[in-house]
Amino acid sequence: MDAARYHRRRLKEPAASLQNHAAAASAGAVAANAVPHLAHAAMRQPFPTPFSDPPGRTDSSPRLNAVWAGMILATAAWLVATQRRRLGRPSFWLVAGVSGVAAAFGLEVYFRSLDRHVIPQRSSP
C-alpha cells in the first residue's frame, strides 16, 4: 500500500475520543487489579477480595481469589473488545498501560495501609 492510500485510510478512521481513552484506561486499571488476586490464588495464599467481611480488608480463600480474578479479567477483556477498532493504535495500548501502572501503584499503597504483611521478628536463640 502506498503512503497516500495509507493516509487516506487513516483519515477515514474516527479519531479516538475521550470515551475511547476512558475504556482503554479502565481496561488497564481493571487488568492490573487481577494480578495480585491471581498470584495469591496460584500460590494458594489468602488475599482480600470484595467478598470478605469487611470487604477488601480481611482475607478471602485462594479459590475465591481465583474466581474474583477471573471476573476481573473477563471485565477487562470486555472493555478491550468494545474498542476492537482501535486495538491497532499505539495510543490505546499506551493509555491502557499507563493506567495499569498507575492502578498498580494505587493498589500497592492501599494494601500496604492494611498492614497485613508484617514480617514477624525472629527471636535469637
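Buried means under 20% relative accessible area, exposed over 50% and partly exposed in between, with a 1.4 Å probe and protein chains only. This is a predicted model, where local features need pLDDT of at least 70, side-chain atom pairs count only at pLDDT 80 or more, and totals for chains, interfaces and linings use all residues. Residues are numbered from 1 along each chain as its sequence is written, and side-chain values use heavy atoms, leaving out hydrogens and water.

**View 1. Buried residues of helix 4.** Helix 4 spans residues 90-113. Helices (H or I, at least four residues) and strands (E, at least two) are DSSP runs, numbered from the N terminus. Phe-92, Ala-96, Ser-99, Gly-100, Ala-103 and Phe-111 of helix 4 are buried. Their cover includes helix 2, strand 1 (47-48) and helix 3.

**View 2. Ala-103 in helix 4.** Ala-103 has 17% relative accessibility, so this residue counts as buried. Ala-103 touches Ala-29 and Ala-32, not counting residues up to four places away in sequence. Contact means heavy atoms within 4.5 Å. The C-alpha atoms of Ala-103 and Ser-26 are separated by 9.6 Å, though the two are 77 residues apart along the chain.

**View 3. Helix 2 against helix 3.** The axes of helix 2 (residues 18-42) and helix 3 (residues 62-81) come within 8 Å. They cross at roughly 160 degrees. The two helices are therefore roughly antiparallel (angles over 145 degrees). Contact residues include Ala-23, Ser-26 and Val-30 of helix 2, and Trp-68, Ile-72 and Leu-79 of helix 3.

Technical notes:
Axes fitted to C-alpha atoms, helices over the stretch in contact; angles between N-to-C directions. Parallel < 35°, antiparallel > 145°, perpendicular 65-115°, else oblique. Expected span 1.5 Å × (residues − 1).
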